[in-house]
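Hi,

Have a look at it first, then read on.

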Amino acid sequence: MSTTSLSRLSVSSLLPPITPKPFRPAPTALDYRRRRFPGACRAYKVTIEHGDERRTIEVGEEETILGRALAEGVDVPHDCKLGVCMTCPARLLAGTVDQSEGMLSDDVIASGYALLCASYPRSDCVIRTIPEEELLSLQLATAND
Ligand code: FES
């Protein structure tokens with residue numbers, strides 16, 4: 001064996017090739033609950049339209065649409081995740097959600113608006129994200145009533 005051939009070896013040539021793994025979201029509390037109590041939690045298909053992206057994800061009735069969307073890698077606007085800052089506004093195009101924990105006025109909710117961080121699906125849904133200003137102007141108008 002010559003010393004010349006050894007000097008040409010690099011560490012990377014000795015290692016197996018690296019194959020990137022597909023993205024897998026971290027399991028949520030709902031995932032663990034589903035595994036432990038199969039059939040105990042209902043889940044709905046929620047289609048989220050954000051910009052040019054349209055993704056359908058499965059959201060459990062006990063998790064927010066925002067929480068599941070982020071866990072699935074859907075990059076939608078958000079900040080507080082508490083239903084307070086209004087940076088996750090959306091228009092509910094089809095289906096129903098429970099947003100009793102959010103701070104939107106009843107009139108705004110009845111008009112078909114929702115905050116993703118405070119929305120729990122109660123049926124299959126289609127939701128489109130909207131600019132923050134659209135929801136803010138409506139919410140402020142109803143607050144003055
Ligand atoms: S993230 Fe703040 S209201 Fe939804």
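**Overall layout**

The protein chain has six helices and seven strands; helices (H or I, at least four residues) and strands (E, at least two) are DSSP runs, numbered from the N terminus. Going along the sequence, the pattern is α-α-α-β-β-α-β-β-α-β-β-β-α. Of the 145 residues in the protein chain, 34% count as buried. For that label, buried means under 20% relative accessible area, exposed means over 50%, and partly exposed is in between (1.4 Å probe, protein chains only).

Before the details, two words on where things come from. This is a predicted model, so local features need pLDDT of at least 70 and side-chain atom pairs count only at pLDDT 80 or more, while totals for chains, interfaces and linings use all residues. Residues are numbered from 1 along each chain as its sequence is written, and side-chain values use heavy atoms, with hydrogens and water left out.

**The sheet**

In what order do the five strands of the open sheet run? The order is E2-E1-E7-E3-E5, and the pairing is mixed. At the edges you'll find strand E2 (53-60) and strand E5 (113-115), each of which pairs on one side only. From one strand to the next, the twist averages 35°; axes here are lines fitted to C-alpha atoms, for helices over the stretch in contact, and angles run from 0 to 180 degrees between N-to-C directions.

Two strands count as paired if DSSP finds at least two bridges between them. Here are the antiparallel pairs I went through:

- Strand E1 (residues 43-50) pairs with E2 in the antiparallel sense over eight bridges, and Val 46 stands opposite Ile 57 in E2.
- Strand E3 (residues 89-94) and E5 are antiparallel over three bridges, with Ala 114 in E5 as the bridge partner of Ala 90.
- E3 also pairs in the antiparallel sense with strand E7 (residues 125-129), over four bridges; there, Arg 128 in E7 is the bridge partner of Arg 91.

As a reminder when you look at the two sides, in a regular strand the side chains alternate between the two faces of the sheet.

**Salt bridges**

The structure holds six salt bridges, counted wherever a side-chain nitrogen of Lys or Arg is within 4 Å of a carboxyl oxygen of Asp or Glu. Which residues are linked in a network of them? The answer is Glu 49, Arg 54 and Arg 128.

Glu 49 counts as buried because its relative accessibility is 15%, whereas Arg 54 is exposed, at 54%. Glu 49 also forms a salt bridge with Arg 128, where the closest N and O atoms are 3.2 Å apart. This second pair links distant parts of the chain, with Glu 49 in strand E1 and Arg 128 in strand E7, 79 residues apart. Arg 128 has a relative accessible area of 39%, so it is partly exposed.

Another of the salt bridges joins Glu 72 and Arg 68, with the closest N and O atoms 2.9 Å apart. Glu 72 is partly exposed at 24%, and Arg 68 is buried at 3%.

**Polar contacts**

Two of these are worth a click. A polar contact is a pair of N or O atoms within 3.5 Å; within protein, one must be able to donate a hydrogen and the other to accept it, and residues adjacent in sequence count only if both atoms are side-chain atoms.

Thr 47 lies in strand E1 and is buried, because its relative accessible area is 8%. Its side chain is joined to that of Thr 56 by a polar contact of 2.8 Å.

Glu 134 sits in helix H6 (residues 132-143) and is partly exposed, at 31% relative accessibility. A polar contact of 3.0 Å joins its side chain to that of Tyr 113. The C-alpha atoms of Glu 134 and Pro 89 are separated by 8.5 Å, with the two residues 45 apart along the chain.

**A surface patch**

Met 103 lies in the loop between strand E4 (97-98) and helix H5 (106-110), and is partly exposed at 42%.

Cheers
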